[in-house]
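Here's a quick briefing to read with the structure open beside you. Take a look at the fold before going through the notes.

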Amino acid sequence: MKKLDLGDLFTRDEFREYVENGWFIDTDGEGQYSNENGDWTGKWLSPSSFTLDEDKNKNMEYTHVIWYNK
């Protein structure tokens, strides 16, 4: 995890692990798909939508997630 000015940058694997372990839930905040540089994509996500995307192999071109806690 890398601290950004407005959020935390996680690899997909890190974020997936946190979601699977219940450390991030939909009411905690929101995320955005990103790359390793923390660039904004405008593709917003919740932990549950991230899980659905993973199941359907959607948005796999993005290697990272920026997470914004409430």
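What follows is a short tour of the sheet, the core, the charged pairs and a couple of loop residues.

Keep in mind that this is a predicted model. Its sheet is open, with five strands in the order 1-2-5-3-4 and antiparallel pairing. Helix 1 packs on that sheet, and a search of the whole structure turns up four salt bridges.

**The sheet**

- The edges belong to strand 1 (2–4) and strand 4 (44–45), each of which pairs on one side only.
- Helix 1 touches strand 2 (7–11), strand 3, strand 4 and strand 5 (64–69), and its direction makes about 100° with that of strand 2.
- Strand 5 runs antiparallel to strand 2, and four bridges join the two.
- Gly31 stands opposite Leu45 in strand 4.
- How well covered is strand 5? Mostly covered, with five of its six residues buried.
- As background, strands of a sheet pair through backbone hydrogen bonds, in either a parallel or an antiparallel way.

**The nonpolar core**

- The largest nonpolar core has ten residues: Phe10, Phe15, Val19, Phe24, Tyr33, Leu45, Phe50, Tyr62, Val65 and Trp67.
- Helix 1 and strand 5 each supply at least two residues of this core.
- Phe15 is a handy place to start looking. Leaving out residues up to four places away in sequence, Phe15 touches Phe10, Phe24, Leu45, Phe50, Val65 and Trp67.
- In soluble globular proteins, nonpolar side chains tend to be buried together.

**Ser34, a buried polar residue**

- Ser34 lies in strand 3. Its relative accessible area is 1%, so Ser34 counts as buried.
- What does the Ser34 side chain reach? The backbone oxygen of Asp39, at 2.8 Å.
- Not counting residues up to four places away in sequence, Ser34 touches Leu9, Asp39, Thr41, Tyr62, Thr63, His64, Val65 and Ile66.

**The salt-bridge network**

- Arg12, Asp13, Arg16 and Glu54 are linked in a network of salt bridges. In general, side chains of opposite charge can pair when their charged atoms come close.
- Arg12 and Glu54 meet through their side chains at 2.5 Å, N to O. This pair links distant parts of the chain, with Arg12 in helix 1 (residues 12–20) and Glu54 in helix 2 (residues 47–55), 42 residues apart.
- Are Arg12 and Glu54 buried or exposed? Arg12 is buried, because its relative accessibility is 7%. Glu54 is buried too, because its relative accessibility is 16%.
- Arg16 and Glu54 also form a salt bridge, at 2.5 Å from N to O. Arg16 lies in helix 1 and Glu54 in helix 2, so this pair ties together parts that are 38 residues apart in sequence.
- Asp13 pairs with Arg16 in a salt bridge whose closest N and O atoms are 2.6 Å apart. Both residues lie in helix 1, three residues apart, which is about one turn of the helix.
- At 52% relative accessible area, Asp13 is exposed. Arg16, at 23% relative accessibility, is partly exposed.

**Two asparagines in a loop**

- Asn57 lies in the loop between helix 2 and strand 5, and Asn59 is placed in the loop between helix 2 and strand 5 as well.
- Which phi does Asn57 have? It is positive, about 55°, although Asn57 is not a glycine.
- Asn59 has a positive phi as well, about 60°, and is not a glycine either.

Conventions:
Residues are numbered from 1 along each chain as its sequence is written. This is a predicted model: local features need pLDDT of at least 70, side-chain atom pairs count only at pLDDT 80 or more; totals for chains, interfaces and linings use all residues. Side-chain values use heavy atoms; hydrogens and water are left out. Buried means under 20% relative accessible area, exposed over 50%, partly exposed in between (1.4 Å probe, protein chains only). Two strands pair if DSSP finds at least two bridges between them. Contact means heavy atoms within 4.5 Å. Axes are lines fitted to C-alpha atoms, for helices over the stretch in contact, and angles run from 0 to 180 degrees between N-to-C directions. A polar contact is a pair of N or O atoms within 3.5 Å; within protein, one must be able to donate a hydrogen and the other to accept it, and residues adjacent in sequence count only if both atoms are side-chain atoms. A nonpolar core is a set of buried Ala, Val, Leu, Ile, Met, Phe, Trp, Tyr and Cys residues joined through side-chain atoms within 4.5 Å.
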